[in-house]
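I opened this model to look up a few local features and the packing around them. My entries follow in the order in which I made them.

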Amino acid sequence: MKCSGLREGSDLNAEMSRHLCVWLFRHPPLHGHHQCHTRRFSYQCTQTHLDTSLLVFRRNRNRILHHLLNKNWSRRYCHQDTSMLWKHKALQKYMEDLNKEYQTLDQCLQHISVNQGDQRSLNRRHAELAPLVTIYQEIQEAEQTIEELESMCKSLNKQDEKQLQELALEERQTIAQKINMLYSELFQSLVPKEKYDKNDVILEVTSGRTTGGDICQQFTREIFDMYQNYSSYKHWKFELLNYTPADYGGLHHAAARISGDSVYKHLKYEGGIHRVQRIPEVGLSSRMQRIHTGTMSVIVLPQPDEVDVKVDPKDLRIDTFRAKGAGGQHVNTTDSAVRLVHVPTGLIVECQQERSQLKNKEIALRVLRARLYQQTIEKDRCQQQSARKLQVGTRAQSERIRTYNFTQDRVTDHRIAYEVRDIKEFLCGEKCLDQLIQRLLQSADEEAIIEFLDENLKSAK
Amino acid sequence: MEFWGRMLQAFLSGLGRRGGTRGWAFSSWRPHRPLPGLLNATELVSHWTAIFEKRGIPEAQASSEYIVAHVLGAKTFQSLRPVLWTQPLTPWQLQCIQELSSCRLQRMPVQYILGEWDFQGLSLKMAPPVFIPRPETEGLVEWVLEEVAQRPHAVGAQGGPLILEVGCGSGAISLSLLSQLPQSRVIAVDKGEDAICLTRENAQRLQLQDRIRIVPLDVTSEGSWAHLLPWGPMDLVVSNPPYVFHQDMEQLAPEILSYEDPAALDGGEEGMDIITHILALAPRLLKDSGSIFLEVDPRHPELVGGWLQSRPDLSLDLVAVRKDFCGRSRFLHIQRSGPQRGCPADAWPGPQAARVPG
């Protein structure tokens with residue numbers, strides 16, 4: 001890549017290009033050598049400094065994160081954000097540590113003295129660290145290159161070297177881009193993977209029961225439509241499971257199954273209370289221009305695979321709506337509605353989407369399974385994260401997450417202090433919503449990394 | 001004054017200009033339009049529900065929902081696109097709903113009114129007087145599917161089981177078995193010409209006609225079983241035979257009594273007439289350890305058990321009874337326990353096939 005760039009610059013004189021080529025080709029081995037030295041030097045010092053610096057970092061975590069996020073949403077440069085977090089010392093130290101561990105393992109494995117059992121576990125750890133360390137080293141090399149390019153630029157001040165300088169700057173930019181890519185790659189491999197990200201979901205919306213009943217129901221419909229549009233924007237399949245409308249085109253409750261590529265990953269942070277502030281379209285408040293506040297709730301349940309949740313048929317009570325009379329040939333019924341009661345948990349699911357009772361039962365069972373799955377997940381989460389409260393990740397689905405202020409034409413996500421203008425565009429469920437969801441995912445990743453480093457520090461003590 | 005006069009004149013003349021077409025449009029649909037002001041689906045459902053309730057029509061709300069949904073192109077009101085709930089209906093749609101609802105007022109079953117119904121996820125054409133499949137029977141099919149899945153040894157030479165259905169009606173049981181058992185083949189028999197035609201039509205609609213033989217046959221007539229011999233020994237016999245006790249017939253709802261073929265329901269004094277005929281002919285057609293699955297009345301498991309004990313010559317055992325979703329003993333699994341007297345299984349199908357005319 002580097003050399004082809006040079007060839008393209010046709011008007012460069014031969015001396016210049018030779019100069020740069022020699023520099024570029026000589027660089028990598030030199031650079032590697034240099035790195036080894038620093039590592040050996042700093043080995044003892046870093047170990048002692050690590051704990052204290054992480055501690056300081058942890059204490060300031062929230063402030064730092066807040067600072068980062070505030071910058072994030074005003075600038076909206078994805079890679080910039082990542083590298084900012086990356087620059088933080090705690091993470092740097094963590095990576096240096098891993099790197100050291102990897103080098104030590106490397107040496108250990110080359111000696112034959114290690115016994116068989118140990119060797120296997122060492123090998124496993126070695127393989128685990130290898131990709132991380134590779135990225136880390138690549139980043140360091142690239143940063144080194146940039147530094148040297150910069151110092152070279154400083155020395156090239158004369159007029160006749162201007163073209164060379166331009167070329168070097170160009171090169172610098174390419175490397176900077178590569179670094180950004182490496183950062184996000186590293187970031188992705190560091191973030192703890194969420195178990196359910198790839199699952200399909202069942203999304204339920206329920207209108208709030210505050211005084212502004214009408215605006216709640218209207219708002220519920222708008223939000224449900226928004227997710228339906230978002231599903232088609234994302235090329236997901238949207239199947240209606242249940243729809244209970246309210247008067248005047250509003251919506252009491254609805255549920256849908258959304259399936260496709262990583263649906264849960266994208267929708268998991270949509271669960272919670274959504275608040276609306278608007279002047280009603282009809283009635284006294286409309287004439288008096290009085291602003292009403294209403295709410296609706298969104299529940300996002302990851303849809304389990306059959307293997308994830310086993311439902312014992314003995315635990316089910318199936319209510320069909322024809323329990324009386326002789327049945328069979330004696331009766332002709334069209335009522336195919338099914339109500340499923342899961343006796344141990346008391347969960348109730350109803351379905352009357354299909355004309356076949358059997359099909360309704362299948363759908364109801366699918367919904368029930370998703371609800372049971374959700375319960376296990378929440379139990380898991382409680383155990384994992386005990387009393388910790390993060391900005392995004394662990395919010396219970398009962399907390400207020402977002403406000404749609406129609407009078408100010410603004411949507412605010414309270415978790416990351418993110419604001420969007422143009423509610424109408426946002427409710428279309430396309431780019432605007434997608435951007436917010438991407439921001440939430442990113443913030444959650446950052447939180448997860450900090451959490452992860454934090455845990456790491458605790459266990460090291 | 002002059003201004004208002006001019007306004008009025010302009011208004012009137014404007015109306016006059018369009019009056020012709022509008023007048024024509026009104027005259028074409030107004031006489032059929034039942035309810036001025038009732039224009040959307042939700043309102044129509046509650047309107048017809050109220051009328052049905054007042055006239056004592058059973059399942060008033062379900063009936064009106066199915067009719068409205070059907071006219072709007074959906075199977076159930078719940079699955080109708082929510083936009084359509086509140087959208088105004090066209091005059092044509094209103095007229096359709098009006099006509100279908102008046103059939104319901106005559107106690108016609110909803111399945112006949114819509115001309116189709118679902119069974120095991122299949123949409124089947126329904127037409128009077130062919131028996132309308134009941135939801136319980138889905139349980140019979142489920143049981144057969146379970147048994148087939150558990151016994152791969154009971155599989156015919158061509159890979160899948162060969163199944164005989166007695167009294168196929170609309171074809172519900174046969175066609176759902178065929179659609180879920182891709183290797184299977186079915187012989188479906190019924191004595192009613194309407195049933196034969198409907199099963200054939202449904203098989204074609206579902207593109208299952210290649211694996212089904214539809215034979216007009218009355219199992220109660222002497223020696224009828226011989227006509228089935230050429231098709232080879234069966235792995236399974238399935239039937240939802242007429243099993244209503246004769247004295248219960250007059251208590252059936254008008255929907256059933258006035259529209260469905262009584263021959264598909266009336267099982268004679270103890271509801272056993274057709275059941276015993278099936279049990280008597282099955283051993284001649286079944287393979288060794290072949291099975292019979294029957295839907296019956298909750299009083300029948302005991303009666304059938306007793307009857308089988310009185311006929312040891314049939315070598316049939318009642319091996320299991322299963323309940324329907326309402327908890328009533330509804331389904332029987334009867335198995336052939338020994339080789340059929342004078343009709344060894346390995347003699348099939350050559351010599352006997354030759355004996356059958358046609």
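**Entry 1: Q120 of chain B.** I began in the loop between β1 (116-119) and β2 of chain B, where Q120(B) sits. I kept in mind that this is a predicted model. Is Q120(B) buried or exposed? I found 22 other C-beta atoms within 10 Å, so Q120(B) is buried; the cut-off is 20 or more. I also looked up the backbone: Q120(B) is not a glycine, yet its phi is positive, near 50°. I noted for reference that most residues other than glycine have a negative phi.

**Entry 2: a cis peptide bond.** I then moved to the loop between β2 (122-125) and α7 of chain B, which holds P129(B). The peptide bond between P128(B) and P129(B) is cis, with omega about 5°. I noted that most peptide bonds are trans.

**Entry 3: α7 and α8 of chain B.** Next I looked up how helix α7 (residues 136-150) of chain B lies against helix α8 (residues 172-180) of chain B. At what angle do the axes cross? I read roughly 40°, with the axes coming within 10 Å. The crossing of α7(B) past α8(B) is right-handed. On the α7(B) side the contact is made by T137(B), L140(B), V141(B), V144(B) and L145(B). On the α8(B) side I listed A172(B), I173(B), S176(B), L177(B) and Q180(B). By class, the residues of this contact come to 7 nonpolar and 3 polar, with no charged residue. As background for reading such lists, an α-helix has 3.6 residues a turn, so residues three or four places apart point the same way.

**Entry 4: α11 of chain B.** Helix α11 of chain B covers residues 273-285, which is 13 residues. Which residues of α11(B) are buried? I wrote down I274(B), I275(B), I278(B), L279(B), L281(B), A282(B), P283(B) and L285(B). Among the elements that cover them are the strands β3 (162-166), β6 (234-239), β7 (286-295), β8 (316-323) and β9 (329-336) of chain B. Helix α12 (300-309) of chain B is also included in that cover.

**Entry 5: chain B as a whole.** I counted 13 helices and 9 strands in chain B. Of its 358 residues, 40% count as buried. Among contacts in chain B between residues at least 6 apart in sequence, 67% join residues at least 24 apart.

**Entry 6: the sheet of chain A.** I turned to chain A, where 8 strands form an open sheet of mixed pairing. The order I read is β2-β3-β1-β5-β4-β9-β10-β11 (chain A). Its edge strands are β2 and β11 (418-421) of chain A, each of which pairs on one side only. On average, neighbouring strands of this sheet are turned by 15° against each other, direction ignored.

I checked two pairs in detail. Strand β4 (residues 272-278) and strand β5 (residues 292-303) of chain A run antiparallel and are joined by 7 bridges. In this pair, R278(A) has H292(A) in β5(A) as its bridge partner. Strand β10 (residues 410-413) of chain A is also antiparallel to β11(A), with 4 bridges. There, V411(A) stands opposite V420(A). The hairpin of β10(A) and β11(A) has 4 residues between the strands, and A417(A) takes a positive phi near 50° in it.

**Entry 7: two loop residues of chain A.** Q289(A) lies in the loop between α10 (284-288) and β5 of chain A. Although Q289(A) is not a glycine, its phi is positive, about 55°. Why does Q289(A) count as exposed? Because it has 9 C-beta neighbours inside 10 Å, and the limit for exposed is 12 or fewer.

D261(A) is in the loop between β3 (251-259) and α9 (263-267) of chain A. I found 11 C-beta neighbours inside 10 Å, so D261(A) counts as exposed. D197(A) is 64 residues away along the chain, and its C-alpha is separated from that of D261(A) by 9.4 Å.

**Entry 8: where the chains meet.** Last, I looked up the contact of the two chains, which takes 25 residues from chain A and 39 residues from chain B. On the chain A side, the elements giving two or more residues are β2 (237-245), β6 (316-320) and α11 (357-385) of chain A. By class, that side has 6 nonpolar, 14 polar and 5 charged residues.

Key. Residues are numbered from 1 along each chain as its sequence is written. Chains are lettered from A and ligands numbered from 1 in the order in which they are written. This is a predicted model: local features need pLDDT of at least 70, side-chain atom pairs count only at pLDDT 80 or more; totals for chains, interfaces and linings use all residues. Two residues are in contact if their C-beta atoms, placed from the backbone, lie within 7 Å. Ala, Val, Leu, Ile, Met, Phe, Trp, Tyr, Cys and Pro count as nonpolar, Asp, Glu, Lys and Arg as charged, and the others, Gly among them, as polar. Two strands pair if DSSP finds at least two bridges between them. Axes are lines fitted to C-alpha atoms, for helices over the stretch in contact, and angles run from 0 to 180 degrees between N-to-C directions. The expected span of a helix is 1.5 Å times one less than its number of residues. A crossing is left-handed if the near helix is turned anticlockwise from the far one by less than a right angle, and right-handed if clockwise.
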